[in-house]
Amino acid sequence: MASADWSSLPAELLNRIAGCFLATSDLDYYMDFRAVCHSWRSATEDPKSSPDPRFRPRHWAIIDRHFGGDKTYLWVNTATGRFVPKELPLLRHYWGSSTTPDGLLILNDNESSYAISLLNAFTGYWIRFVAPPPEHGQIMESAALVSGSPPTLVLSCKKMDIDDDFVLQETDRNVYTAYPDSESFSKYEERHACPLIRLALRGIYTNGELGSVAPFPVEVAEKIFDLMRFYNAEPDESSDDEDTFMSDEKAAFNYLIGYDNRCYLVGSAGEILIIFKLKGGMEVYRMDTDSYILERVKNIGNRAIFLSGNCKCISVNPDKFPSIDANCIYYIKSLDYCGDYICMYNLRSRRGEKISRDMGLGSRPYTIIQHLSSYDLQ
């Protein structure tokens, strides 16, 4: 019997198979698929040179890393539950270990005035921005790449200064944008939208579908700000009054001890959720992205959300992680003087419970819940 000539499969079939890998962001499978033979590569798009959002590792999160010579990162796919270690020795000339909401590594060049680059660790797609980082004293908190021609890099930054008592204090927050060939970053002047942009950069995939840097129209931003004021969640973020300004460090500390309510924006299974972590529980709203109506919900379906003290958040499929419960929100809280604990809030029962210590107090091997609850590290 003659052997099958797999290289002659029709292009339409090959692209349907490749599309299945992209649907779950299994980019490593996609790259292996293209590596089989020349005809398979010719039939499918090369992601190494494409800014297409389909090729971004949007469901991947870094949960561990080794900064030795091989620069090894351990990734987890929150949609499929797969763990993939990747060695990236080319990063020895760069520093920085955070990611955009859709999984691109944010890197600073050690030899070129710390110019910013974004790397897709799965496909090799690399985009470099020639502009030096924003003005002196601005520390980058989070970033996102908005698709377009050309693509736009959006940075959320905070400024640190030394006060009269020689204490380092946060004094300002800004949002900056730049194209790859921009000579400098431009400050985003629509101050009213900046708080939502800062929150969105930490939990929503920025793929350009909204058509602008601002995550939502002004009328939607007003609705979210009204809810933030109603729940007394981060008045410093929803107010134009400079006297209400609070540093991220203080806000995170207040969050951990349960002193402050906090607001999160997170992309979850194609939906945008606005989550309020309150002293006495959680409130969740779903945004209709067509009409921009905010609907209060008590069920987020077969999803689990992980919140951090610095407003980073991530949504996972609990079916892929046996220890994670659906329709629950996980967060870290300081319950006593011994350290921090991971808590779980069940939206159905409207009750929270302590489930384990966080990574700072636990010993290896860490559980997936401990890793995802410490998503600040990404």
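Where do Arg229 and Asp226 both lie, and how many residues apart are they?

Modeller: Bearing in mind that this is a predicted model, Arg229 and Asp226 both belong to helix H5, which covers residues 218–230, and they sit three residues apart, about one turn of the helix. Their side chains meet in a salt bridge, with an N to O distance of 3.3 Å. Asp226 is partly exposed because its relative accessible area of 46% falls between the 20% limit for buried and the 50% limit for exposed, and Arg229, at 44% relative accessibility, likewise counts as partly exposed.

The pair can be set beside others in the chain, for which the count comes to eleven salt bridges. Arg56 and Asp102 form one with 2.7 Å from N to O; this pair links distant parts of the chain, 46 residues apart, with Arg56 in the loop between H3 and S1 and Asp102 in the loop between strand S4 (94–95) and strand S5 (105–109). Both Arg56 and Asp102 are buried.

A further salt bridge joins Asp46 to Arg34, the closest N and O atoms being 3.8 Å apart. Here Asp46 lies in the loop between helix H3 (38–43) and strand S1 (60–66), whereas Arg34 is in helix H2 (residues 27–34), twelve residues apart. Asp46 is partly exposed, with a relative accessible area of 34%, while Arg34 is buried, with a relative accessible area of 9%.

Notes:
Residues numbered from 1 in each chain as written. Predicted model: local features only at pLDDT ≥ 70, side-chain atom pairs only at ≥ 80, totals over all residues. Heavy atoms only, no water. Salt bridge = Lys/Arg side-chain N within 4 Å of Asp/Glu carboxyl O. Helix = DSSP H or I, 4+ residues; strand = E, 2+ residues; numbered from the N terminus. Buried < 20%, exposed > 50% of the residue type's maximum accessible area, 1.4 Å probe, protein only.
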